[in-house]
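Here is a quick walk through the fold, written to be read with the model open beside you.

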Amino acid sequence: MFGRDAAPAFEAAGFPVAGGDLPAVDIASPESLARFLDAHPADVVVNAAAYTDVDGAESRVDEASRANAAGAGAVARACAERGLFLVHLSTDHVFPGDRPHGYSPGDPPGPAVNAYGRTKLEGERAVAAAMPPGRFLVCRTQWLYGRTGRSFPDAILRLSAARGELRVVDDQWGAPTYTDDLAGQIVALLRAGAAGIAHAVNGGGPVTRFRFAEALVKAAGLACRVVPCATAEFPRPAARPRHGWLRQGLPTLPVRSWEVAMCDYLRATGRAAA
Ligand SMILES: NC(=O)c1ccc[n+]([C@@H]2O[C@H](COP(=O)([O-])OP(=O)(O)OC[C@H]3O[C@@H](n4cnc5c(N)ncnc54)[C@H](OP(=O)(O)O)[C@@H]3O)[C@@H](O)[C@H]2O)c1
């Protein structure tokens, strides 16, 4: 999702992109990575490849680990060997998700809320261990959605077009983040020479999933009634962060509110109310 959406945004910002995905490049295979990187000389690598099935990671931890931990380390070593700057995407799931005031980039991560988060935290650590300081940026984001792929807004809009009522959890807080805005923030961070750890999310403060869903349905002009409920009513294999809001910590970043970004997404996908 992010890779496909970000490529045109990076290009528009003046960064030509050579994109790669499975099977052309497997980040957990040093040989495959070497072939890809040597065929596409670059200055910066943005690693958006990951095992992202949060529930699936509970029972398929080896598979998740291969991409999120071993893969992240392999990308970092390949970048370090070639002198490339690495932007590595990570997640709020590296935190326990129990802090109502949210997490800043300087807060120590862990224990991660679930198996997916544990593999992503291992990946962050592998990147920091392999890359020279100042030559990498771990960019954590959350509640990411975009024009391609599966996402929370896509599911809400599909379900609410088919149903008269939709129950959505009202006790998970976070920052909905549009892929275009994340891409824009990465460009700004690169231009500012940022390194280390950054939190890149849309602004407007934390909201619950219910509040986000309600805003989506209203802005899409759908008649569905959105009803708040508790996470306990929808048990899932993986725990979710209740209070995982990522505080930005960088006042100079171009941050749009989640509501403005959401309206852009609805227009871009032809789903905005007439
Ligand atoms: N989506 C969110 O809400 C969210 C929130 C916070 C952070 N993030 C992070 O943001 C990044 C991008 O997420 P996304 O939502 O765009 O994920 P996505 O749509 O699932 O894309 C990840 C891509 O990585 C590919 N991949 C998996 N293993 C690979 C490997 N070994 N080598 C090469 N490619 C591989 C996947 O291919 P297959 O589909 O074939 O497996 C998929 O195309 C990830 O680091 C994710 O952890 C996402």
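## The sheet

Two strands count as paired if DSSP finds at least two bridges between them. Helices (H or I, at least four residues) and strands (E, at least two) are DSSP runs, numbered from the N terminus. Residue numbers start from 1 along each chain as its sequence is written. Keep in mind that this is a predicted model: local features need pLDDT of at least 70, side-chain atom pairs count only at pLDDT 80 or more, and totals for chains, interfaces and linings use all residues.

With that in hand, look for an open sheet of four strands in the order S1-S2-S3-S8, paired in parallel. Strand S1 (44-47) and strand S8 (196-199) sit at the edges with a single partner strand each, so one side of each has no neighbour in the sheet. From one strand to the next, the twist averages 20 degrees (axes are lines fitted to C-alpha atoms, for helices over the stretch in contact, and angles run from 0 to 180 degrees between N-to-C directions).

## Strand S3 and its neighbours

Strand S3 (residues 136-141) runs parallel to S8, and four bridges join them; Arg 140 has His 199 in S8 as its bridge partner. S2 and S3 also pair in parallel, over six bridges, with Leu 89 standing opposite Cys 139 in S3.

How many residues of S3 are buried? Six of its six are, where buried means 20 or more other C-beta atoms within 10 Å of a residue's own, exposed means 12 or fewer, and partly exposed lies in between, with C-beta atoms placed from the backbone. Phe 136, Val 138 and Arg 140 are buried on one side, and Leu 137, Cys 139 and Thr 141 on the other. In a regular strand, side chains alternate between the two faces of the sheet.

## Helix H6

In helix H6 (residues 152-162), the buried residues are Pro 153, Ile 156, Leu 157 and Ser 160. They share one side of H6 because they cover an arc of only 95 degrees around the axis, taken from the directions from the helix axis to the C-beta atoms. Arg 158 and Ala 162, on the other side of H6, are exposed.

## Around the ligand

The ligand is surrounded by 23 residues, the closest being Met 1, Phe 2, Ala 49, Ala 50 and Leu 144; a residue counts as near if its C-beta atom, placed from the backbone, lies within 6 Å. Helix H4 (61-82) and strand S2 (85-91) each supply at least two residues of this shell.
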